[in-house]
Amino acid sequence: KQLYGVIGCPIHHSLSPLMHNDAFQTLGIDAHYHAFYVEKEALPAAIEGIKALGIAGINVTIPHKTAVIALLDSVDETAKRIGAVNTIVRENDRLIGYNTDGPGFVRALIEETNTMIQGKRILLIGAGGAARGIYFSLATAQAEQIDICNRTKEKAEQLIEESDILVSGRAYSLIEAEERLSQYDIIINTTSVGLSPNVDAMPLSLDHLNERTIVSDIIYNPLETKWLKEARKKGAIVQNGVGMFVYQGALAFEKWTGVFPDVERMKQVVI
Ligand code: ATR
């Protein structure tokens, strides 16, 4: 039996074990996925333990996604650029780091809203870790323009400047972005604003939102944030964070087993 898992802190609410174990079972793969509570200081020991025990694959979550990079045998280019690893694969007894968060978001966006990224004008709200992954993945998927707005505008400016890829885009404050909302095809909240228990908070006003704009929120608790509900009322096409969660898991599962699992089933398992 192959062993897989996730390391993080906190970890007890993780839905990953449920999702992956169901997929192993459904596909008849003799494997098990376990959630490991690993505090910040224990990360190097945990990685040594993973090597020593022959664990076949590991997901990495908060607070280890960046720190783990220095502890791996190699890290793929996308994950390096994003600056975060969420999936480790054992390949010939070497631990290789990947990032499936950004690619998972983009795949979910394409599949669930039935759209393509190519040629789209996109607004990202937020400039933290989640925004980085999504930003570089959207840029790779040939978005026409990606603007970033953030409470701290300087952080949005830094992320835009850092981009060495050919995608145009500018940094805005939240208030500046609110005024420009009608110019975008896709608007994505990558911040934690609206996350339970602060369910009444909204990342920015939707006063200038056009009908048929795609509005996406990476939050999945609550399943539909107040912000998404308002976007829906205004005639937007909305997407919640379940897709990103499930697709990052499905892409990790595929790296480990070579099989892309049934994402619709995965969604049913985690909702
Ligand atoms: P993550 O890795 O989940 O992206 P993070 O790196 O801490 O987490 O980033 C959090 C993002 O949410 C940031 O863009 C942050 O804005 P600042 O850069 O100004 O801190 C944004 N954010 C968090 N709380 C916020 C709030 N109450 N209002 C507006 N933005 C907020």
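Which residue of β5 does Gly57 stand opposite? In this predicted model, in which local features require pLDDT of at least 70 and side-chain atom pairs count only at pLDDT 80 or more, totals for chains, interfaces and linings use all residues. Residues are numbered from 1 along each chain as its sequence is written. Gly57 stands opposite Val89 in β5.

Gly57 belongs to strand β3 (residues 57-60); helices (H or I, at least four residues) and strands (E, at least two) are DSSP runs, numbered from the N terminus. Two strands are taken to pair if DSSP finds at least two bridges between them. Strand β5 (residues 87-91) runs antiparallel to β3 and is joined to β3 by three bridges. With strand β1 (residues 2-8), β3 pairs in the parallel sense, over four bridges; Gly5 has Ile58 of β3 as its bridge partner. In a regular strand the side chains alternate between the two faces of the sheet. In β3, Gly57 and Asn59 point one way, whereas Ile58 and Val60 point the other way, and all are buried. A residue counts as buried if 20 or more other C-beta atoms lie within 10 Å of its own, as exposed if 12 or fewer do, and as partly exposed in between, with C-beta atoms placed from the backbone.

The loop between β3 and β4 (74-75) holds Lys65, which UniProt lists for "active site" in an unreviewed entry. UniProt positions are given in the numbering used here, feature names are shortened, and annotations may be inferred rather than shown by experiment. Lys65 is classed as buried because 22 other C-beta atoms lie within 10 Å. Neighbours within four places in sequence aside, Lys65 is in contact with Val60, Ala84, Val85, Asn86 and Gly129, contact being defined by C-beta atoms, placed from the backbone, that lie within 7 Å.

The domain assignment of the protein gives domain 1 (2-99 + 244-270) and domain 2 (102-240), with bounds that come from an automatic or database domain assignment. Taken over C-alpha atoms, the centres of domain 1 and domain 2 are separated by 26 Å. Twelve residues from domain 1 and twelve residues from domain 2 make up the contact. On the side of domain 1 that touches domain 2, the elements giving two or more residues are α3 (77-82) and α9 (242-257). The most come from α9, with five residues. By class, that side of domain 1 has six nonpolar, four polar and two charged residues.

Helix α5 (residues 129-140) has twelve residues and reaches 17 Å from its first C-alpha to its last, close to the 16 Å expected at 1.5 Å a residue; the expected span is 1.5 Å times one less than the number of residues. Ten of the twelve residues of α5 are buried, among them Arg132, Tyr135 and Phe136. The cover over the buried residues of α5 includes α3, α4 (101-113), β7 (121-125), β8 (145-149), α6 (153-162) and β10 (186-189). After α5 comes Gln142, with a positive phi near 65 degrees.

Technical notes. Contact = placed C-beta atoms within 7 Å. Nonpolar A, V, L, I, M, F, W, Y, C, P; charged D, E, K, R; others polar.
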